[in-house]
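Subject: Structure handover

Hello,

Here is the structure for you to look over. My notes on what was found in it follow below.

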Amino acid sequence: MYTVIVTLDVIPERLGEFLDAIRANAHATLRDEPGCLRFDVHRSAEDPHRFLLYEIYRDQKAFEVEHRSAPHYATWRKAAARCVRPGGHVNIFGSPVFPSDIPETPRI
């Protein structure tokens with residue numbers, strides 16, 4: 001499993017556009033990408049223009065190849081370029097320490 005945690009600082013005037021775009025991207029990712037197990041969008045309690053994405057993929061390839069080559073991802077990237085403050089995008093990559101405790105863990 002491969003985890004992606006993203007922090008995004010959104011330009012206040014672009015908030016509506018951002019919300020529409022990230023919702024469409026999250027829904028399409030879960031619907032169209034079998035390698036995506038989870039895609040949560042969270043808003044910071046301290047800053048209404050800071051968002052956190054919590055994504056779990058089957059493996060690194062499911063994220064780096066399948067997700068990043070999906071048509072909806074290209075659309076999302078264009079929206080992010082307009083809506084996210086320059087320098088306001090940080091990715092953290094990891095893997096679950098206890099993957100069997102995660103409900104989305106594929107059962108064989």
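A residue counts as buried when its relative accessible area is under 20%. Keep that cut-off in mind for what follows. One caution: this is a predicted model.

**Strand β1**

Start with β1, which spans residues 2–10. Seven of its nine residues are buried, so β1 is largely enclosed by the rest of the structure.

Thr-3 sits in this strand. Its relative accessible area is 8%, so it falls under the 20% cut-off and is buried. Across in β3, Thr-3 stands opposite Ile-56. Setting aside residues up to four places away in sequence, Thr-3 touches Tyr-54, Glu-55, Ile-56, Ile-92, Phe-93, Gly-94, Ser-95 and Pro-96.

**The sheet**

The sheet is open and has four strands. Their order is β2-β3-β1-β4, and the pairing is antiparallel. Which strands are at the edges? They are β2 and β4, each of which pairs on one side only. Direction ignored, neighbouring strands are turned by 15° against each other on average.

How many bridges link β1 to β3? There are eight, in the antiparallel sense. On to β4: seven bridges join β1 to this strand, and the two run antiparallel. Two pairs of residues show where β1 and β4 meet. Val-4 stands opposite Phe-93 in β4. Thr-7 has Val-90 of β4 as its bridge partner.

In a regular strand, side chains alternate between the two faces of the sheet.

**Helices on the sheet**

α2 packs on the sheet and touches β1, β2, β3 and β4. Its direction makes about 110° with that of β3. α3 lies across β1 and β4, and runs at about 130° to β4.

Which residues of α2 are buried? They are Ala-62, Phe-63 and His-67. Seen down the helix axis, these buried residues fall within an arc of 100°, so they line one face of α2. An α-helix has 3.6 residues a turn, so residues three or four places apart point the same way.

What covers the buried residues of α2? The cover includes the four strands β1, β2 (36–43), β3 (50–57) and β4 (84–94). It also includes the helices α1 (15–32) and α3 (71–83).

The N-terminal end of α2 is capped by Asp-59. One of its side-chain oxygens lies 3.3 Å from the backbone nitrogen of Lys-61.

**Aromatic pairs**

The count of aromatic pairs comes to six. One of them is Tyr-2 with Phe-63. Their rings are 6.0 Å apart, centre to centre. The planes are 40° apart, and the pair is tilted. Tyr-2 lies in β1 and Phe-63 in α2 (residues 60–67), so the pair ties together parts that are 61 residues apart in sequence.

Are these two residues buried or exposed? Tyr-2 has 11% relative accessibility, so it counts as buried. Phe-63 has 4%, so it is buried too.

Tyr-2 and Phe-63 also belong to one aromatic cluster, together with Tyr-57 and Phe-93. Phe-93 is the residue opposite Val-4. It is also among the residues that Thr-3 touches.

**The loop between β2 and β3**

Ser-44 is found in the loop between β2 and β3. What does its side chain reach? It reaches the backbone nitrogen of Glu-46 at 3.1 Å. It also reaches the backbone nitrogen of Asp-47, at 3.1 Å.

**An exposed position**

Arg-23 lies in helix α1. At 56% relative accessibility, Arg-23 counts as exposed. Compare Tyr-2, which is buried at 11%. The C-alpha atoms of Arg-23 and Tyr-2 are separated by 21 Å. Along the chain, the two are 21 residues apart.

**Where to look first**

Finish at Ser-44, in the loop between β2 and β3.

Best wishes

How values were computed
Residues are numbered from 1 along each chain as its sequence is written. This is a predicted model: local features need pLDDT of at least 70, side-chain atom pairs count only at pLDDT 80 or more; totals for chains, interfaces and linings use all residues. Side-chain values use heavy atoms; hydrogens and water are left out. Rings of Phe, Tyr and Trp (its six-membered ring) pair if their centres lie within 6.5 Å; planes under 30 degrees apart count as stacked, over 60 as edge-to-face and the rest as tilted. Buried means under 20% relative accessible area, exposed over 50%, partly exposed in between (1.4 Å probe, protein chains only). The arc is that of the directions from the helix axis to the C-beta atoms. Contact means heavy atoms within 4.5 Å. A polar contact is a pair of N or O atoms within 3.5 Å; within protein, one must be able to donate a hydrogen and the other to accept it, and residues adjacent in sequence count only if both atoms are side-chain atoms. Two strands pair if DSSP finds at least two bridges between them. Axes are lines fitted to C-alpha atoms, for helices over the stretch in contact, and angles run from 0 to 180 degrees between N-to-C directions.
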